Amino acid sequence: MNRNPIFVTTGRAAGHSYPAHELLESYAVTLYDLEVSRERQLRDATSSTEQANRARNAGRLQILEEKEQDLREKAEALILKCQTPDEREMLRMRYLMLMDWATIARVLYGDEPDFYDGKVYRQRALCLHQNTMVWLEKELRTYGILQIGGEYELSLIHISEPTRP
């Protein structure tokens with residue numbers, strides 16, 4: 001797992017919301033925080049840390065695990081909306097596995113005969129990411145509903161204007 005994840009935050013304008021991107025980033029950050037908390041818990045178990053600190057860290061770990069599970073379900077549902085297997089795999093590698101772009105390019109395009117240095121294919125993976133996120137955001141803006149596990153999450157438009165066509 002990448003020890004220093006770099007989350008893509010480019011293209012954000014003041015006052016604009018990008019729910020698909022924010023959901024995936026939120027999951028990746030939670031996953032990273034969960035890993036750090038698990039490492040802290042292991043370190044505390046082998047040290048003479050106060051029992052109160054261990055209990056507090058265990059409580060934080062439980063909260064993070066619940067949050068991670070919830071966000072993972074939402075992220076997976078969002079990723080399944082992608083149009084192609086490469087788009088889905090790229091998003092899973094980046095946000096669910098916290099892989100860097102060089103590794104993602106190698107996995108997606110490493111079999112290409114001209115892959116030798118990978119810079120062009122890394123850029124191709126970044127373009128795939130950008131195009132996929134633009135498409136996902138457009139889908140969410142157009143339909144405003146993300147179905148997750150049989151439930152629907154409604155956007156503010158659907159809640160505040162339920163009779164509007």
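**Figure 1. Leu98 lies in the loop that runs between α3 and α4.** Helices (H or I, at least four residues) and strands (E, at least two) are DSSP runs, numbered from the N terminus. The model is predicted, with local features requiring pLDDT of at least 70 and side-chain atom pairs counted only at pLDDT 80 or more, while totals for chains, interfaces and linings use all residues. Residues are numbered from 1 along each chain as its sequence is written, and side-chain values use heavy atoms, with hydrogens and water left out. Leu98 has a phi near 55°, a positive value in a residue other than glycine. Most residues other than glycine have a negative phi. Leu98 counts as buried because its relative accessibility is 3%; buried means under 20% relative accessible area, exposed over 50%, and partly exposed in between (1.4 Å probe, protein chains only).

**Figure 2. The protein chain is made up of six helices and two strands.** From the N terminus on, the order of elements is α-α-α-α-α-β-β-α. Of the 165 residues in the protein chain, 34% are buried. Contact means heavy atoms within 4.5 Å. Among contacts in the protein chain with a separation of 6 or more, 58% are between residues 24 or more positions apart.

**Figure 3. The largest nonpolar core contains 29 residues.** A nonpolar core is a set of buried Ala, Val, Leu, Ile, Met, Phe, Trp, Tyr and Cys residues joined through side-chain atoms within 4.5 Å. Leu24 and Leu91 have the most contacts inside this core. At least two core residues come from each of α1 (19-45), α2 (51-80), α3 (85-96), α4 (101-109) and α5 (119-143). Beyond its neighbours within four places in sequence, Leu91 is in contact with Leu24, Ile79, Cys82, Leu96, His129, Thr132, Met133 and Leu136.

**Figure 4. Helices α1 and α5 pack at an angle of about 120°.** Their axes are 8 Å apart; axes are lines fitted to C-alpha atoms, for helices over the stretch in contact, and angles run from 0 to 180 degrees between N-to-C directions. On the α1 side, Pro19, Ala20, His21 and Leu24 meet His129, Met133, Leu136, Glu137 and Leu140 of α5. By class, this contact has six nonpolar, two polar and one charged residues.

**Figure 5. Arg92, in helix α3, is joined to Glu76 by a polar contact between side chains.** The separation is 3.3 Å; a polar contact is a pair of N or O atoms within 3.5 Å, where within protein one must be able to donate a hydrogen and the other to accept it, and residues adjacent in sequence count only if both atoms are side-chain atoms. Arg92 counts as buried because its relative accessibility is 19%. Not counting residues up to four places away in sequence, Arg92 touches Glu76, Ile79, Leu80 and Met97.

**Figure 6. Gly110 is placed in the loop between α4 and α5.** Gly110 is partly exposed, as its relative accessible area is 30%. Apart from residues up to four places away in sequence, Gly110 touches Ala105 and Phe115. Gly110 and Tyr121 are 11 residues apart along the chain, and their C-alpha atoms are separated by 8.5 Å.

**Figure 7. pLDDT stays under 50 over residues 1-15 and over residues 147-165.** pLDDT is the predictor's confidence in each residue, from 0 to 100. The protein chain averages 77, and 73% of the residues score at least 70. Where pLDDT is low, the predicted coordinates should not be read in detail.

Note on methods:
Ala, Val, Leu, Ile, Met, Phe, Trp, Tyr, Cys and Pro count as nonpolar, Asp, Glu, Lys and Arg as charged, and the others, Gly among them, as polar.
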